[in-house]
Amino acid sequence: MITQSINHPTPPYAHGNFEHYEALGWLFKRCTILLPTEDRLTLISSTFSQMPCFKLEECTAAGCLGFYGYGVFLKTMIWGWDEVEWHRVFNFLCSFTNLLPKIKMAVTGTPGVSCSLELQLRLFCREVLLDPLDWLDPWPGKDILFWLTRILKPWPMVLQARLLFILYGPLMPDGTLAWQGIVEREMSHSALWQMASVIVLLYSNLDHLTDWTTDTMQTILEELIVLPEVWHMENVARLFVLCGSTVCYSFLANKLHNGQLLEVSRLIVHIILVCEKDGYSMNWVVRMVHQVCQGFNTSERFAFIQRLEDMFSEVTMELIEFVTAGNHHEDMGPFQTLRSLLQSRAHFHAKFLLHMFLQNE
């Protein structure tokens with residue numbers, strides 16, 4: 001009964017194919033209700049440890065959905081438990097799967113070399129713990145935050161950034177993590193959406209987290225966007241557009257506070273470009289730039305705007321040189337990017353001038 005439909009699920013793959021795991025979770029929950037938590041977890045271990053589908057790197061079947069089934073069972077069984085018991089569940093899972101040593105191996109090695117282990121960790125952590133079951137909790141942010149912080153907490157910030165990429169980073173068409181893809185080419189907003197969402201989740205709950213602060217998140221973001229090398233600039237910009245105003249402004253303001261005017265100007269130019277390409281409102285960028293300007297005195301404000309204008313020219317010239325230097329007859333991407341940049345510059349200036357005019361009325 002436990003291994004039903006895991007290696008050969010009935011298409012289409014949907015929650016309905018795993019109703020028996022939900023039922024099994026409720027059965028375990030009711031049958032063991034009088035037992036201490038440790039005994040209940042020991043019973044789970046003795047049952048599930050016999051099957052490789054529920055353990056890291058032990059099932060060789062292609063497309064095995066054992067982690068998803070295990071997640072349905074476990075989330076159903078522990079539904080309604082308090083955080084003290086959830087801590088015991090996490091410790092149990094670490095022991096049951098040898099999770100922490102495997103994470104250490106993945107985050108300290110060369111990105112992409114242990115691609116099988118990276119994907120196994122991603123699947124296990126996401127499907128067993130992080131990805132919510134809508135029918136149990138329609139507002140799962142608190143649950144996700146608990147499990148995510150337990151997974152991240154043992155590691156220094158640079159490794160937390162690596163682990164966030166493993167868990168939520170974009171994937172290539174072959175299913176491997178896009179370590180090089182995010183460096184070499186533009187990624188779609190859908191590829192970066194999950195990573196942006198989890199960053200926003202952490203940022204929006206900093207008041208309730210004892211081990212993470214705004215400075216902590218700033219450092220993690222700084223590390224993230226250079227993994228494994230400096231990202232394609234449009235991917236950095238698109239991530240911050242998806243993260244929204246609070247995260248974006250916090251990141252830009254911190255960089256400006258540290259004197260990184262050049263980097264901020266380049267990032268803002270690419271944010272403007274991404275908004276033009278992806279159809280986001282240019283008013284959002286204008287408000288962001290205006291908010292950044294509020295931290296300057298008058299002379300600093302003019303210097304910042306001048307630096308932004310110079311950066312527009314630099315990026316435009318870089319694109320023109322790239323387009324004219326190579327053979328791009330079959331690849332229209334660089335031409336379209338140049339066109340979008342010129343349009344975005346015009347649209348930004350029009351909106352910015354209107355915004356300043358209205359501010360002065």
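A helix, as the word is used in this talk, is a DSSP run of H or I with at least four residues, numbered from the N terminus. The structure before you is a predicted model, and I shall begin with one residue near the end of the numbering. Methionine 356 lies in helix α17, which covers residues 333-359.

Let us now consider the whole chain. The secondary structure consists of 17 helices and zero strands. Along the principal axes, the C-alpha atoms occupy a box of roughly 70 × 45 × 35 Å. Of the 361 residues in the chain, 49% are buried. If we take the contacts with a separation of 6 or more, 70% of them are between residues 24 or more positions apart.

I turn next to helix packing. Two packed helices are described by the angle between their axes and by the distance between those axes. For helix α5, residues 99-108, and helix α6, residues 115-130, the angle is about 135° and the axes are 10 Å apart. The two helices are therefore oblique to each other. The crossing in which α5 passes α6 is left-handed. On the α5 side, the contact involves Leu99, Lys102, Ile103, Met105 and Ala106, and these meet Leu117, Glu118, Leu121, Phe124 and Cys125 of α6. Sorted by class, this contact holds eight nonpolar residues, two charged ones and no polar ones.

The second example is helix α7, residues 141-152, with helix α10, residues 189-203. Their angle is about 90°, with the axes 11 Å apart. Angles of 65 to 115 degrees count as roughly perpendicular, so α7 is roughly perpendicular to α10. From α7 the contact takes Gly141, Ile144, Leu145, Leu148, Thr149 and Leu152, and from α10 it takes Val198, Leu201 and Leu202. Here the classes are seven nonpolar, two polar and no charged residues.

My next topic is the aromatic residues. With ring centres required to lie within 6.5 Å, the model has 16 aromatic pairs. One of them joins phenylalanine 28 and phenylalanine 73; the pair is edge-to-face, with 5.0 Å between the centres and 90° between the planes. Which parts of the chain does this pair link? Phenylalanine 28 is in helix α1, residues 19-31, while phenylalanine 73 is in helix α3, residues 66-78, so that distant parts of the chain, 45 residues apart, are linked.

Finally, I would draw your attention to the backbone. Most residues other than glycine have a negative phi, and most peptide bonds are trans. Asparagine 98 is not a glycine, yet its phi is positive, at about 55°. Asparagine 98 is placed in the loop between α4 and α5, and its relative accessible area of 41% makes it partly exposed. Leucine 227 and proline 228 are joined by a cis peptide bond, with omega about -10°. Proline 228 lies in the loop between α11, residues 214-224, and α12, residues 233-243. Thank you for your attention.

How values were computed: Residues numbered from 1 in each chain as written. Predicted model: local features only at pLDDT ≥ 70, side-chain atom pairs only at ≥ 80, totals over all residues. Heavy atoms only, no water. Axes fitted to C-alpha atoms, helices over the stretch in contact; angles between N-to-C directions. Parallel < 35°, antiparallel > 145°, perpendicular 65-115°, else oblique. Left-handed = near helix turned anticlockwise from the far one by under 90°. Contact = heavy atoms within 4.5 Å. Nonpolar A, V, L, I, M, F, W, Y, C, P; charged D, E, K, R; others polar. Phe/Tyr/Trp six-rings, centres within 6.5 Å; stacked < 30°, edge-to-face > 60°. Buried < 20%, exposed > 50% of the residue type's maximum accessible area, 1.4 Å probe, protein only.
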